Amino acid sequence: MADSELAPKFAPFFSFAGIAAAMIFGSAGAAYGTAKSGIGIAGVGTYRADLIMKSLIPVVMSGIIAVYGLVIAVLIAGSMGPITNMSLYTGFMHLAAGMSVGLTGVAAGYTIGVVGDAGVRAYMQQSRVYVGMILILIFGEVLGLYGLIVGLILNSKS
């Protein structure tokens, strides 16, 4: 039997599940980070409106998390077509790639949200906290970047 005859018809389902996982979890992490940081920014804005622009860094960093999910979702979708003899291996690789980006996006978004909220409030009271806040936010963002790197490697193996 040829390899195409052994490919199950449901194998693309797992690729689509990987796309969904990357977008849903990545966007959920970004949304949480934006919302949580936005609460802190709103609190700062009522007392020190001049600090709002510098306090937007956590919101921008949260948005980047969703872009990571979009990148891997587009790459997975680009390797699929309406008529395909996709192996189960490829479907599971796409699922793993999407899950790695999506779940690390949730973790990074949560980290950025918590640090962003507390950081901008602390920055309002003491300006020397700003550099430390940015460094911690970068470490949180790197969690999502690690997931993207793993997702890209997995996607290249499929």
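This is a predicted model: local features need pLDDT of at least 70, side-chain atom pairs count only at pLDDT 80 or more; totals for chains, interfaces and linings use all residues.
Analyst: Residues are numbered from 1 along each chain as its sequence is written, and side-chain values use heavy atoms, with hydrogens and water left out.

User: Why is Leu148 called buried?
Analyst: Buried means under 20% relative accessible area, exposed over 50% and partly exposed in between (1.4 Å probe, protein chains only); Leu148 has a relative accessible area of 10%, so Leu148 is buried.

User: What does Leu148 touch, not counting residues up to four places away in sequence?
Analyst: Leu148 touches Tyr68, Val71 and Val101, where contact means heavy atoms within 4.5 Å.

User: Why are the buried residues of helix 3 said to line one face?
Analyst: Helix 3 covers residues 57-78, a helix being a DSSP run (H or I, at least four residues) numbered from the N terminus. Its buried residues include Ile65, Tyr68 and Ile72, and seen down the axis the buried residues fall within an arc of 140°, so they line one face of the helix. That arc is taken from the directions from the helix axis to the C-beta atoms. On the other side of helix 3, Val60, Val74 and Gly78 are exposed.

User: What makes Asp117 a buried residue, and what does its side chain reach?
Analyst: Asp117 has a relative accessible area of 11%, and is therefore buried; its side chain reaches the backbone nitrogen of Gly40 at 3.3 Å.

Definitions and conventions. Helices (H or I, at least four residues) and strands (E, at least two) are DSSP runs, numbered from the N terminus. The expected span of a helix is 1.5 Å times one less than its number of residues. A polar contact is a pair of N or O atoms within 3.5 Å; within protein, one must be able to donate a hydrogen and the other to accept it, and residues adjacent in sequence count only if both atoms are side-chain atoms.
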